[in-house]
Number of protein chains: 2
Amino acid sequence: MGQKAFQDYYPDHLSHCYGCGRLNQNGLQIRSYWDGEESVAVFHPRPFHTAIPGYVYGGLIASMIDCHGTGTASAAAYRAEGRGMDTEPALRFLTGSLHVEYLRPTPLGVPLEVRGRVKEIKGRKVTVTATVSALGEVCARGEVIAIQMPEHLEKELLSGDQGLNT
Amino acid sequence: MGQKAFQDYYPDHLSHCYGCGRLNQNGLQIRSYWDGEESVAVFHPRPFHTAIPGYVYGGLIASMIDCHGTGTASAAAYRAEGRGMDTEPALRFLTGSLHVEYLRPTPLGVPLEVRGRVKEIKGRKVTVTATVSALGEVCARGEVIAIQMPEHLEKELLSGDQGLNT
């Protein structure tokens, strides 16, 4: 896929997420794209992303669903407003809740595909459902309720006044 | 706390979890203990475990609840059988489902405390509720449904026959 990922459009001050921030060199750098009405991200777990030997850590799967879900929420919100992700103001979402069902152990050593689908857009809240598959088989499914970032938090970030930042 | 953590009792072949395995040098090494009827783990996020600058990544919070939940399930199952975690056979749990509600942004740069409570033990299924707090304030709460590992999977691990392991 040559096009830009949803996360590539996040402004710099919102691009430090451990899961999907392009400026977090220690992070997972999950990248999500539209594929018709669905969104898709492919992630290659590293050998140490183990649950039990041979299988992928559930917290990583939760992280994939989380960041792909909020990314899909953001892209869907722009689309609902009929404008591109490169236009202002930025629409960035935080996770309100995350639910994951682990259907079967997820094999380690193969790429994982997470697919999202927008279930509902309601005011500042976007609900996204997702599946995580390995070798064409769905191993986990989940749902993210994403909340558009409050303006006061965005302003706080832009001013650099986080107080507790390290 | 000088005593051994729940995870210290996991047998070697079940101690490679990215979230809580004592043998995973790249992992988070979450360690959980009893504190009366509750279980507790304290974790220090690293500076790169960022969501937005100054706040902790939600996927890390999900991971803490996940591993602390399955660890608490294991400890509770031993306790229900009236035997120590150093006795055979090992009772190890996998995550069946994980639910997290993010109540407020979690500040980065301070230790996080995750507290678990056993909600139900039913056959091979243990339900654990959890909170994650920073500076004494609950920032997230969640629930893990933990399922006792099937015997065929345990045997497969012991034989080293994972097929897809990397």
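Student: Is Cys139(A) buried or exposed?
Tutor: Cys139(A) is buried, with a relative accessible area of 1%, where buried means under 20% relative accessible area, exposed means over 50% and partly exposed lies in between, using a 1.4 Å probe and protein chains only. Keep in mind that this is a predicted model, in which local features need pLDDT of at least 70, side-chain atom pairs count only at pLDDT 80 or more, and totals for chains, interfaces and linings use all residues. Residues are numbered from 1 along each chain as its sequence is written, chains are lettered from A and ligands numbered from 1 in the order in which they are written, and side-chain values use heavy atoms, with hydrogens and water left out.

Student: How many disulfides does the structure hold?
Tutor: Over all chains there are zero disulfides, a disulfide being a pair of cysteine sulfur atoms within 2.5 Å. Cys139(A) is in none, and its nearest cysteine sulfur, that of Cys17(B), is 17 Å away.

Student: Switching to helices, at what angle do H1 of chain A and H1 of chain B pack?
Tutor: The two H1 helices, residues 58-80 in chain A and residues 58-80 in chain B, pack at an angle of about 150° with their axes 9 Å apart. Helices (H or I, at least four residues) and strands (E, at least two) are DSSP runs numbered from the N terminus, while axes are lines fitted to C-alpha atoms, for helices over the stretch in contact, with angles from 0 to 180 degrees between N-to-C directions.

Student: Which residues make that contact?
Tutor: On H1(A) they are Gly58(A), Gly59(A), Ala62(A), Ser63(A) and Asp66(A), and on H1(B) they are Gly58(B), Gly59(B), Ala62(B), Ser63(B) and Asp66(B), with contact meaning heavy atoms within 4.5 Å.

Student: What about the other helix of chain A, which residues of H2 are buried?
Tutor: In H2(A), residues 151-159, the buried ones are Leu153(A), Glu154(A) and Leu157(A). They lie on the same side of H2(A) because they cover an arc of only 100° around the axis, the arc being that of the directions from the helix axis to the C-beta atoms.

Student: What do those buried residues pack against, then?
Tutor: They pack against strand E3 (93-102) of chain A. The face of H2(A) turned away from the buried side carries the exposed residues Glu151(A), His152(A), Lys155(A), Leu158(A) and Ser159(A).

Student: Over in chain B, where is Arg92(B)?
Tutor: Arg92(B) sits in the loop between H1 and strand E3 (93-102) of chain B, and is buried at a relative accessible area of 5%. Setting aside neighbours within four places in sequence, Arg92(B) is in contact with Tyr10(B), Leu14(B), Cys17(B), Thr70(B), Ile147(B), Gln148(B) and Met149(B).

Student: And what is His13(B) in contact with, leaving aside its neighbours in sequence?
Tutor: Beyond the neighbours within four places, His13(B) is in contact with Pro53(A), Glu154(B), Leu157(B) and Leu158(B). His13(B) belongs to the segment before strand E1 (33-35) of chain B and counts as buried at 18% relative accessibility.

Student: Is His16(A) buried or partly exposed?
Tutor: His16(A) counts as partly exposed, at 28% relative accessibility, and is placed in the segment before strand E1 (33-35) of chain A. Apart from neighbours within four places in sequence, its contacts are Gly21(A), Leu23(A), Asn24(A), Thr50(B), Ala51(B) and Pro53(B).

Student: On to the backbone: which residues does the cis peptide bond of chain A join?
Tutor: That cis bond joins Glu88(A) and Pro89(A), with omega about -5°, and Pro89(A) is in the loop between H1 and E3 of chain A. In chain B, the peptide bond from Glu88(B) to Pro89(B) is cis, with omega near -5°.

Student: What is the phi of Leu135(A)?
Tutor: Phi of Leu135(A) is near 55°, a positive value in a residue other than glycine. Leu135(A) lies in the loop between strand E5 (125-134) and strand E6 (137-148) of chain A, and is exposed with a relative accessible area of 60%. Gln29(B), in the segment before E1 of chain B, has a positive phi near 50° and is partly exposed, at 32%.
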